[in-house]
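Please look through the model shown here with an eye to one helix, the spaces around it and a single loop residue.

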Amino acid sequence: MASSDELPGPYPGRDGGNIPPGDPTTMKTMMIDKGASMLQSLKPIKQMSLHMCSFACYGHDPSRQIEVHFYVHRVNEDFLQCAVYDCDSAKTHLIGIEYIVSERLFESLSSEEQKLWHSHDYEIQTGLLVTPRVPELVAKPELQNIAKTYGKFWCTWQTDRGDKLPLGAPALMMSPQDVNMGKIKPGLLKKRDDEYGISTESLKTSRADIVGLEMKNPMADYWVHHGKGLAVDIIETDMKKCAPFP
């Protein structure tokens, strides 16, 4: 069993939701935070210009599925970087990061690296990936672009199993796919659709003209094509005690 598949120890407990343990934020701390936000530029955060909502499956166990919210920073036309949360409320948890690359950049990667990436066309064409509160007509050009990309998503906080803190090794996540274990559970989908007042089935119909990758690389979506999951293992190793001379 890989480290990212192991259930962490009993602390913190998993009862009463996954609110992190700790004392309530004091008025003094809130004032300090407020002052800092007025004085600092927070430039990296302000580069996030798009909110996308979709679903993800654990790379070692596709039956574990979660709703995910991506806040996207476009670095250039070929590369996006996303902070990933488990909801879009003020009390959300930062559960990981996803990097998104164009087909051109993906094809430049080694085959071993490509194993870690997933495609996006299926989740867009079927209406699973949405841009909340943005009209479909406005969002469609962006969706057409993302349908031809690949992503690498590391989950660092498994809140779906009740973890109150980020515990254990990070888990590699995969996108939904048109295979039995890759199809999103109806209850999870209904909860998302009800929250935003949308219909995934209607979106699927309206996106019939969105074209995905022409020649999808078989190293992406590795578990679908090769029947093997991917997980992180943490091992002890000797430290490098001597730094090279500059």
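What follows is a walk from a helix to the pockets and the cavity, and then to a loop.

This is a predicted model, in which local features need pLDDT of at least 70 and side-chain atom pairs count only at pLDDT 80 or more, while totals for chains, interfaces and linings use all residues. Residues are numbered from 1 along each chain as its sequence is written, and side-chain values use heavy atoms, with hydrogens and water left out.

Helices (H or I, at least four residues) and strands (E, at least two) are DSSP runs numbered from the N terminus. In helix 7, which spans residues 186-196, the buried residues are L189, R192, D193 and Y196, where buried means under 20% relative accessible area, exposed over 50% and partly exposed in between, with a 1.4 Å probe and protein chains only. These four lie on the same side of helix 7 because they cover an arc of only 95° around the axis, the arc being that of the directions from the helix axis to the C-beta atoms. An α-helix has 3.6 residues a turn, so residues three or four places apart point the same way.

The buried residues of helix 7 pack against strand 1 (48-58), strand 2 (61-76) and helix 8 (200-206), contact meaning heavy atoms within 4.5 Å. On the face turned away from that buried side, helix 7 carries the exposed residues G187, K190, K191 and D194. One of these, K190, has a relative accessible area of 52% and therefore counts as exposed; its C-alpha atom is separated by 8.7 Å from that of T200, which is 10 residues apart from K190 along the chain. Helix 7 is followed by G197, whose phi is positive, near 65°.

Rolling a probe the size of a water molecule over the atoms shows where empty space is left. On a 1 Å grid over the protein atoms alone, a cavity is a set of points where a 1.4 Å probe fits but cannot get out, whereas a pocket is an open set with protein on both sides within 12 Å along at least five of seven lines, and lining residues have an atom within 4 Å of a point. Grid points are joined across faces, edges and corners, and a volume is the space filled by probe spheres set on the points.

The largest pocket holds about 200 Å³ of space, and its lining includes L188, K191 and E195; strand 2 and helix 7 each supply at least two residues of this lining. The second largest pocket, with about 170 Å³, has L189, T200 and K204 among its lining residues, and helix 8 gives the most to that lining, with three residues.

The structure also holds one cavity of 30 Å³ or more, and about 50 Å³ of space lies in the largest cavity. Strand 1 gives the most to the lining of this cavity, with three residues, and H118, H120 and E123 are among the residues that line the cavity.

The last stop is N217, in the loop between helix 8 and helix 9 (222-226). N217 counts as buried because its relative accessibility is 10%. Its side chain reaches the backbone nitrogen of M219 at 2.9 Å. Not counting residues up to four places away in sequence, N217 touches F106, E107, Q114 and Y150.

Note on methods: Polar contact = N/O pair within 3.5 Å; in protein donor to acceptor, adjacent residues only side chain to side chain.
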